[in-house]
Every structure is written in C-alpha cells, then in structure tokens.
Amino acid sequence: MLILSRKEGQSLQIGDHIEIKIVGTSKGYAKVGIEAPKSLLILRKELITQIKDENLHSIVQGDVKIEALSEKLKS
C-alpha cells in the first residue's frame with residue numbers, strides 16, 4: 001500500500017488516464033475528485049461490500065436456488 005499526504009488542490013496521477021484530486025478538507029474529512037474515463041466503473045467500497053453481503057445473505061436464506069438457476073440458464 002502506498003500512503004501519501006496531499007494538501008487541498010494537490011492530486012495524484014494513476015496511469016495515463018486517472019487523476020485523483022483533493023478538492024477540500026474539513027472536520028477530519030477529505031473531498032476527493034476523480035477524473036477517469038467514463039468506461040471505468042468507480043464505486044465506494046462500502047457499497048460494494050453491502051452488495052456482496054446482501055448477495056451472500058440471499059443465498060444463505062435460500063432465496064436463490066443455485067441448482068435451479070443453473071438449469072434455467074442451460075435451457
């Protein structure tokens with residue numbers, strides 16, 4: 001993991017097409033702006049974790065029958 005300190009107005013460059021800029025800071029928070037190609041999906045990590053948890057919960061609860069779904073996809 002790379003750890004950097006950045007001030008408001010400073011940015012990071014990832015590859016040729018992604019720039020992460022510190023737009024503002026206050027009360028222990030940083031506002032981050034991301035410039036990236038529209039084809040790149042950018043999501044908050046907690047949202048991805050929530051979706052994964054809900055999907056696992058669904059499977060455990062038996063809402064999704066994997067075998068039946070697999071058979072339907074084959075036909």
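**Exercise 1. How many helices and how many strands does the protein chain have?**

Solution. Start with the count: the protein chain of this predicted model has two helices and three strands. The elements run β-β-β-α-α.

**Exercise 2. In what order do the strands stand in the sheet, and which strands are at the edges?**

Solution. Step one: the three strands form an open sheet, in the order E1-E2-E3. The pairing is antiparallel. Step two: find the edges. E1 (11–14) and E3 each have a single partner strand, so one side of each has no neighbour in the sheet. From one strand to the next, the twist averages 25°.

**Exercise 3. Work through the strand pairs and find how many bridges join each.**

Solution. Take E1 and E2 (residues 18–26). Four bridges pair these strands in the antiparallel sense. In this pair, Ile-14 stands opposite Ile-18 of E2. Now take E2 and E3. Seven bridges join these antiparallel strands. Here Thr-25 has Ala-30 in E3 as its bridge partner. Finally, look at the link. E2 and E3 form a hairpin with two residues between them. In the turn, Lys-27 has a positive phi of about 50°.

**Exercise 4. Locate Lys-31. Is Lys-31 buried or exposed?**

Solution. First, find its element: Lys-31 lies in strand E3 (residues 29–35). Second, check the area. Exposed means over 50% relative accessible area. Lys-31 has 60%, so this residue is exposed. Third, list its contacts. Leaving aside residues up to four places away in sequence, Lys-31 touches Lys-21, Ile-22, Val-23 and Gly-24. Last, compare sequence and space. Glu-8 is 23 residues from Lys-31 in sequence, and their C-alpha atoms are 8.9 Å apart.

**Exercise 5. Find the salt bridge. Which side chains meet in it?**

Solution. Begin with the idea: side chains of opposite charge can pair when their charged atoms come close. The count here is one salt bridge. Arg-44 and Glu-46 meet in it, at 3.1 Å from N to O. Then check Arg-44 itself. Its relative accessible area is 53%, so Arg-44 is exposed.

Conventions
Residues are numbered from 1 along each chain as its sequence is written. This is a predicted model: local features need pLDDT of at least 70, side-chain atom pairs count only at pLDDT 80 or more; totals for chains, interfaces and linings use all residues. Side-chain values use heavy atoms; hydrogens and water are left out. Buried means under 20% relative accessible area, exposed over 50%, partly exposed in between (1.4 Å probe, protein chains only). Contact means heavy atoms within 4.5 Å. Two strands pair if DSSP finds at least two bridges between them. Axes are lines fitted to C-alpha atoms, for helices over the stretch in contact, and angles run from 0 to 180 degrees between N-to-C directions. A salt bridge is a side-chain nitrogen of Lys or Arg within 4 Å of a carboxyl oxygen of Asp or Glu.
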